[in-house]
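Hello,

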Amino acid sequence: MLINHAEYEAMYEVEERMWWYKILHIKTLEAISSHFGQNKEITILDAGCGTGGMMKYLQSMAYKEIEGFDFNESAVELSKTRGLNVKKTDILKVRQDFAASNFDVIVCNDVLYQFEKSEIFKILKQFSQLLKPNGLIVTNNNAFKIFSGTHDIAVGSKNRFVLSDFEKIISDIPELKIKKSHYWSLFLSPLILTIRIIQRIKLKLGLVDLKSIKSDVDMPSEIINNLLFKLVKLENAILKKSIFGSSLHLEIKKS
Ligand SMILES: C[S@@+](CC[C@H](N)C(=O)[O-])C[C@H]1O[C@@H](n2cnc3c(N)ncnc32)[C@H](O)[C@@H]1O
């Protein structure tokens with residue numbers, strides 16, 4: 001869970017413009033269309049939808065059947081102001097609130113880091129029950145412990161992942177298989193690493209007020225925002241299988 005209402009307002013405010021979200025929207029769309037082609041009738045669930053930016057983006061791409069849920073009331077309310085079909089549900093009990101074999105796609109971006117591996121197993125197991133045959137889970141997750149910083153504290157992170165973590169969890173769910181995976185952003189890794197190392201040093205020196213700690217979700221100037229977006233978009237176009245970055249993007253297929 002994010003730390004407070006202000007974090008959700010910050011997300012709501014920037015997620016249609018900030019480079020990070022725009023790239024994540026593009027990556028999710030690419031994963032969906034590479035699996036389902038131009039079929040816009042597919043049913044999509046955004047699990048831990050936050051304030052609804054992804055759902056809004058997919059709507060703008062002509063997908064009509066989109067539902068979402070989040071466990072935080074501020075997130076649900078802010079999503080509803082966007083006119084989205086969102087309800088309050090706990091991802092750990094998601095199977096209770098949605099019918100089996102109901103969705104073609106489940107998007108779950110930057111949610112699983114809040115859970116222990118045994119809980120992630122239970123979540124993915126429930127996702128597999130909610131998916132139709134040939135369904136797809138698209139999930140972005142923070143990667144590599146070396147990238148941890150005050151951001152992780154602000155967003156309540158319990159985990160940073162590597163691919164083998166998901167391979168292990170999924171090996172116990174025979175109906176699921178990792179279809180594609182890549183880390184990103186390789187190009188921005190030096191910058192992100194530097195920022196996070198400075199954050200860790202400040203933490204060690206006691207220079208961080210833990211009560212007012214903030215995530216890195218902050219809109220940069222227009223010029224920097226465009227620059228970062230173009231750089232990561234270029235990476236996305238030319239590097240299909242990057243082996244390093246602060247995020248791990250996964251496409252998991254149901255047989
Ligand atoms: C970093 S945000 C990501 C939001 C959105 N998926 C995105 O990509 O912008 C993590 C989200 O997970 C939600 N969350 C945390 N615990 C949850 C739970 N038990 N059930 C459902 N959602 C949960 C939080 O409220 C928050 O909105």
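In this predicted model, helix α1 (residues 5–14) packs against helix α4 (residues 73–80): their axes come within 9 Å and cross at roughly 30°. Angles under 35 degrees count as roughly parallel, so α1 is roughly parallel to α4. The crossing of α1 past α4 is right-handed. On the α1 side the contact is made by H5, Y8 and Y12, which meet S74, A75 and L78 of α4. Sorted by class, this contact has 4 nonpolar and 2 polar residues, with no charged residues.

Where α2 passes α10, the crossing is right-handed. From α2, the residues W19, K22, I23, I26 and K27 take part, and they meet N225, L228, F229, V232, K233 and N236 in α10. The class count for the contact of α2 with α10 is 6 nonpolar, 2 polar and 3 charged residues.

Next, the ligand. Which of the 19 residues around the ligand come nearest? They are G48, G50, F71, N72 and I91. By class, the shell around the ligand is made up of 10 nonpolar, 6 polar and 3 charged residues.

Regards

Technical notes:
Residues are numbered from 1 along each chain as its sequence is written. This is a predicted model: local features need pLDDT of at least 70, side-chain atom pairs count only at pLDDT 80 or more; totals for chains, interfaces and linings use all residues. A residue is near a molecule or strand if its C-beta atom, placed from the backbone, lies within 6 Å of it. Ala, Val, Leu, Ile, Met, Phe, Trp, Tyr, Cys and Pro count as nonpolar, Asp, Glu, Lys and Arg as charged, and the others, Gly among them, as polar. Axes are lines fitted to C-alpha atoms, for helices over the stretch in contact, and angles run from 0 to 180 degrees between N-to-C directions. Helices (H or I, at least four residues) and strands (E, at least two) are DSSP runs, numbered from the N terminus. Angles under 35 degrees count as roughly parallel, over 145 as roughly antiparallel, 65 to 115 as roughly perpendicular and the rest as oblique. A crossing is left-handed if the near helix is turned anticlockwise from the far one by less than a right angle, and right-handed if clockwise. Two residues are in contact if their C-beta atoms, placed from the backbone, lie within 7 Å.
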